[in-house]
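User: I'm new to this one. Can you walk me through it?

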Amino acid sequence: MLVYYKGLRIVDAIDHALIGCCGAKLYSDPSRAVLPADFYASDLFRKRVRYVESRGIPWSVLSSRMHLWGASEKCYPWVDGKPYDTSLSELTSEGRRFWSLIVTQQIYVTIPPGSAIEIHAGEMYRQHLIPLLERLEYRVVVPTKGLGIGKQLQWYTQNTKTVVA
């Protein structure tokens with residue numbers, strides 16, 4: 001798959017997608033580990049997942065609490081029996097920079113440098129992360145950059161391939 005931005009060829013194929021977490025979470029049994037797709041509940045998150053999965057792109061979640069959470073990685077995202085309620089917006093710019101360093105280290109050991117990474121997350125997640133990834137020669141694409149949530153929802157609906165079972 002060729003990826004274009006404003007008519008320019010950016011990358012030949014996306015190697016991995018990063019999807020921002022969301023505030024809406026599903027309550028479940030805190031004694032059981034869950035996958036990220038079974039934990040986050042927002043329409044935007046679910047549309048992002050459907051989009052990348054419809055294209056066969058491996059993905060991970062950018063989580064304010066777990067940092068990088070692999071799509072097939074089971075985790076215990078609960079605090080005191082409830083889903084965690086941590087947001088990057090609660091961190092200072094320096095705190096978000098530190099979060100980005102941790103995520104970059106996790107990416108570096110799981111996704112080879114030079115890979116094309118598509119980010120489906122808000123500015124707060126991307127702000128410090130993209131420059132770090134680009135310094136390590138990752139090729140970063142943000143297909144919904146500059147779009148508000150409503151426009152992003154439309155974009156994902158229009159650009160998600162229909163998967164026939």
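Analyst: Here is a quick tour, starting with the whole chain and then going into its parts. Keep in mind that this is a predicted model.

User: Okay. How many helices and strands does the chain have?

Analyst: The secondary structure comes to five helices and nine strands.

User: In what order do the elements run?

Analyst: From the N terminus on, the order is β-β-β-α-β-β-β-β-α-β-α-α-β-α.

User: And how much of the chain counts as buried?

Analyst: The chain has 165 residues, and 44% of them count as buried.

User: What about contacts across the sequence?

Analyst: Take the contacts between residues at least 6 apart in sequence. Of these, 64% join residues at least 24 apart.

User: Let's do strands. What's the story with β3?

Analyst: Strand β3 covers residues 16-20. Five of its five residues are buried, so β3 is largely enclosed by the rest of the structure.

User: Which way do the residues of β3 point?

Analyst: His16, Leu18 and Gly20 point one way. Ala17 and Ile19 point the other way. All of them are buried.

User: Which strands does β3 pair with?

Analyst: β3 is joined to β8 by four bridges, and the two run parallel. Four bridges also join β3 to β4, residues 59-63, again in parallel.

User: Now β8. Is it buried or exposed?

Analyst: Buried. Five of the five residues of β8 are buried, so this strand too is largely enclosed by the rest of the structure. Ala116, Glu118 and His120 point one way from β8, while Ile117 and Ile119 point the other way.

User: What else does β8 pair with?

Analyst: β8 pairs with β9, residues 139-141, in the parallel sense over three bridges. There, Ile117 stands opposite Val140 in β9.

User: Switching to helices. Which residues of α5 are buried?

Analyst: α5 spans residues 149-159, and its buried residues are Gln152, Trp155 and Tyr156. Seen down the axis of α5, these fall within an arc of 95°, so they line one face of the helix.

User: What's on the other side of α5?

Analyst: Lys151 and Gln158 are there, and both are exposed.

User: What covers the buried residues of α5?

Analyst: The cover includes helix α1, residues 43-54, and strand β8, residues 116-120.

User: Last topic, pockets. What's the volume of the second largest pocket?

Analyst: About 270 Å³.

User: What lines that pocket?

Analyst: 18 residues line the second largest pocket. Leu44, Arg48, Gly122, Ile149 and Gln152 lie nearest its centre.

User: How does the lining split by class?

Analyst: The lining of the second largest pocket has nine nonpolar, five polar and four charged residues.

How values were computed:
Residues numbered from 1 in each chain as written. Predicted model: local features only at pLDDT ≥ 70, side-chain atom pairs only at ≥ 80, totals over all residues. Heavy atoms only, no water. Buried < 20%, exposed > 50% of the residue type's maximum accessible area, 1.4 Å probe, protein only. Arc of directions from axis to C-beta. Contact = heavy atoms within 4.5 Å. 1 Å grid on protein atoms, 1.4 Å probe; cavity = no way out; pocket = protein on both sides within 12 Å on 5 of 7 lines; lining within 4 Å. Points joined across faces, edges and corners; volume = space filled by probe spheres on them. Nonpolar A, V, L, I, M, F, W, Y, C, P; charged D, E, K, R; others polar. Pairing = 2+ DSSP bridges.
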